[in-house]
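Dear colleague,

Please find below the structure that I am handing over to you. My findings follow directly after it.

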Amino acid sequence: MSALPVLLAGTVGVGTQNHQAEMWAPALAAAGLAATVVWLPTGSEQAAIDRGRSLADDLGLALQVSETPDTPAAGAIVCLRGEARRAFAEYAVAQQVPVLLDKPTLDSTTELEAFAAAAGTLPVLPGHHLLSHPGFTRVLTAVRGAEIGLLRAVHADMVTGGGESQADELRNLGVHLIDAMRMLTGPATVRLQAHGGADGGPRTFLGKTDRGVVLSHHISRACAGASLPRQLRLHLRVIGTHGFVDADLTKPALEVRTVDGTTAVPYAGGSAVRHLQMFASIIRGAARPASASDFVTLSRALDGMAESAATGTAVSVTW
């Protein structure tokens, strides 16, 4: 089967982070996808143009800086924010180009509402690649198949080392596990109390759904640095009436020991490759994600968590 052509739109990241170059582009071939062009919107800052040119050169592609792309593609991986993201949604709808949207919730709820209105029913997959991690998909199967009985509790724990700290780590990193929780509980109203870190942003919460499922979540960054972030702990414990299942989402990985130290090296493709394989299925019409309005639902829940951490009071959120 020939590789599906995809457009790489934008290189916006967190600080100096560049998911387009560091995560998505290197995983394309293994997922049966091939980049055709790197595109940036007119008016992009020089730093963005430099990043785009570097990525295009590395891939042997052209860099386009224009109002809209003029290279046909079957899908688009989008690392844009705000108005540029919303404007791209209009182009994608007109061309019927499914979108993989990197870090959706780093836009505000208002911005996401504008994006969702522009995207309509266009297939838009969030870049939350942990949802495609084989450990998580197996947990989801166990819950939905009642292998552990009725769901009673979900505990999620993420500790990151390295990378660049954000004022709102919940919308940057914690959202990955919160989205996983949503998948496990299904639609729910959650009464919760959140607590913040030293910068005031929410870091933990404890809550219960309207069906009595207890939820707890923790996100922290053990240290910050210029290097890519490394997950020190990424763990889910899911408890049912007839058993429980633990998932270490830093695996599968091999422990490699050298004179320089010990490193965990992922194998079997990793969650980014598997997420891009899901995107390829969406492009082919074999799968379909929730509509872009689902990002708004998720963002409003994150807003509620931030409110709880700021005020010290319990809130109800719906997801």
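In this predicted model, strand 13 is joined to strand 14 by a hairpin of 2 residues. Strand 13 covers residues 253-258 and strand 14 covers residues 261-266; the two pair in the antiparallel sense over 6 bridges. Within this pairing, Arg257 stands opposite Thr262 of strand 14. The loop between strand 12 (243-248) and strand 13 holds Pro252, and the peptide bond that joins Lys251 and Pro252 is cis, with omega at about 5°.

As to the overall division, the chain falls into domain 1 (4-129) and domain 2 (141-269 + 296-318). Their centres, taken over C-alpha atoms, are separated by 26 Å. To the contact between them, domain 1 contributes 17 residues and domain 2 contributes 15 residues.

Strand 2 (residues 33-41) pairs with strand 3 in the parallel sense over 4 bridges, and Trp39 has Gln64 in strand 3 as its bridge partner. In the loop between helix 3 (82-95) and strand 5 sits Gln96, a residue other than glycine whose phi is positive, near 55°.

The other open sheet has 7 strands in the order 12-11-7-10-9-8-15, and its pairing is mixed. Here strand 12 and strand 15 (315-318) are at the edges with a single partner strand each, so one side of each is left without a neighbour in the sheet. On average, neighbouring strands of this sheet are turned by 20° against each other, direction ignored. Strand 7 (residues 151-161) and strand 10 (residues 214-223) run parallel and are joined by 9 bridges; Thr160 stands opposite Arg221 in strand 10. Helix 6 lies across strand 7, strand 9 (202-209), strand 10 and strand 11 (230-240), running at about 155° to strand 10.

Helix 6 (169-185) is also one of the elements that supply at least two residues to the lining of the second largest pocket. Which other elements do so? They are strand 6 (124-126), helix 5 (134-144), helix 7 (270-284) and helix 8 (293-311). Helix 7 provides the largest share of this lining, 5 residues. The space in the second largest pocket is about 620 Å³. Its lining comprises 27 residues, and those nearest the centre of the pocket are Leu125, Leu131, Met183, Pro289 and Ala290. By residue class, the lining divides into 15 nonpolar, 6 polar and 6 charged. Domain 1 and domain 2 each contribute at least three residues to the lining of the second largest pocket.

With kind regards

Key. Residues are numbered from 1 along each chain as its sequence is written. This is a predicted model: local features need pLDDT of at least 70, side-chain atom pairs count only at pLDDT 80 or more; totals for chains, interfaces and linings use all residues. Side-chain values use heavy atoms; hydrogens and water are left out. On a 1 Å grid over the protein atoms alone, a cavity is a set of points where a 1.4 Å probe fits but cannot get out, and a pocket is an open set with protein on both sides within 12 Å along at least five of seven lines; lining residues have an atom within 4 Å of a point. Grid points are joined across faces, edges and corners, and a volume is the space filled by probe spheres set on the points. Ala, Val, Leu, Ile, Met, Phe, Trp, Tyr, Cys and Pro count as nonpolar, Asp, Glu, Lys and Arg as charged, and the others, Gly among them, as polar. Domain bounds come from an automatic or database domain assignment. Two strands pair if DSSP finds at least two bridges between them. Contact means heavy atoms within 4.5 Å. Axes are lines fitted to C-alpha atoms, for helices over the stretch in contact, and angles run from 0 to 180 degrees between N-to-C directions.
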